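This briefing sets out how the elements of a single protein chain are arranged and packed. Please read it alongside the sequence and the model.

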Amino acid sequence: MPGVLDSRCALELPEALLAAARARPDDAIDYEAPRTPYRQLAAILRARIARGDRQQGRAAAGDAQLVQQYGLARSTVRRTVALLVGGGVLSVVPQRGTYVATAAGR
């Protein structure tokens, strides 16, 4: 049947690339998904920290940057940050910003 892919037609991708694709959540918010956007964003940020995109003790992406990048409301981003602060992933320094928590701070 035309247009139907079978296992013989599937693209062959290196196993490392497939593993990386499976290991990282999409970097986009799926508004149709059963998980709320703030939890999806939390998973994205956790994955980025685990990959080393943001290093411990360094500044995390700011609220305004996340609002613009993901098209979310500021309150949704703040809820995500609060969730990650509560989980010990991020820490907030008054008058300075939000930082990736260090191993000692976790």
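The secondary structure of the protein chain comes to 4 helices and 2 strands, where helices (H or I, at least four residues) and strands (E, at least two) are DSSP runs numbered from the N terminus. From the N terminus on, these elements follow the order α-α-α-α-β-β. The model is a predicted one, in which local features need pLDDT of at least 70 and side-chain atom pairs count only at pLDDT 80 or more, while totals for chains, interfaces and linings use all residues. Residues are numbered from 1 along each chain as its sequence is written, and side-chain values use heavy atoms, with hydrogens and water left out.

**Chain totals**

- Of the 106 residues of the protein chain, 26% count as buried, a term that means under 20% relative accessible area, with exposed over 50% and partly exposed in between (1.4 Å probe, protein chains only).
- Among contacts in the protein chain with a separation of 6 or more, 48% are between residues 24 or more positions apart, contact being defined as heavy atoms within 4.5 Å.

**Nonpolar core**

- The largest nonpolar core has 17 residues, and those with the most contacts inside it are L41, Y70 and L90; such a core is a set of buried Ala, Val, Leu, Ile, Met, Phe, Trp, Tyr and Cys residues joined through side-chain atoms within 4.5 Å.
- Two or more residues of this core come from each of α2 (37-51), α3 and α4, and the largest share, 5 residues, comes from α2.
- Leaving aside neighbours within four places in sequence, Y70 is in contact with D27, I29, Y31, L41, I44 and R48.

**Packing of α2 with α4**

- Helices α2 and α4 pack at an angle of about 55 degrees, with their axes 9 Å apart; axes are lines fitted to C-alpha atoms, for helices over the stretch in contact, and angles run from 0 to 180 degrees between N-to-C directions.
- The two helices are therefore oblique to each other, since angles under 35 degrees count as roughly parallel, over 145 as roughly antiparallel, 65 to 115 as roughly perpendicular and the rest as oblique.
- The crossing of α2 and α4 is right-handed, a crossing being left-handed if the near helix is turned anticlockwise from the far one by less than a right angle, and right-handed if clockwise.
- On the α2 side P37, Y38, R39, L41, A42, L45 and R46 take part, meeting T76, V77, R79, T80, L83 and L84 in α4.
- By class, this contact of α2 with α4 has 8 nonpolar, 2 polar and 3 charged residues, with Ala, Val, Leu, Ile, Met, Phe, Trp, Tyr, Cys and Pro counted as nonpolar, Asp, Glu, Lys and Arg as charged, and the others, Gly among them, as polar.

**Packing of α3 with its partners**

- The axes of α3 (residues 63-70) and α4 (residues 74-86) come within 9 Å and cross at roughly 120 degrees, which makes α3 oblique to α4.
- In this right-handed crossing of α3 past α4, D63, A64, L66 and V67 of α3 meet R74, V77, R78 and V81 of α4.
- The axes of α2 and α3 come within 13 Å and cross at roughly 110 degrees, and these helices are therefore roughly perpendicular to each other.
- The contact between α2 and α3 is made by L41, I44, L45 and R48 of α2 and L66, Q69 and Y70 of α3.

**S75**

- S75 lies in helix α4 and is exposed, with a relative accessible area of 54%.
- From C-alpha to C-alpha, S75 and D63 are 9.3 Å apart in space, and 12 residues apart in sequence.
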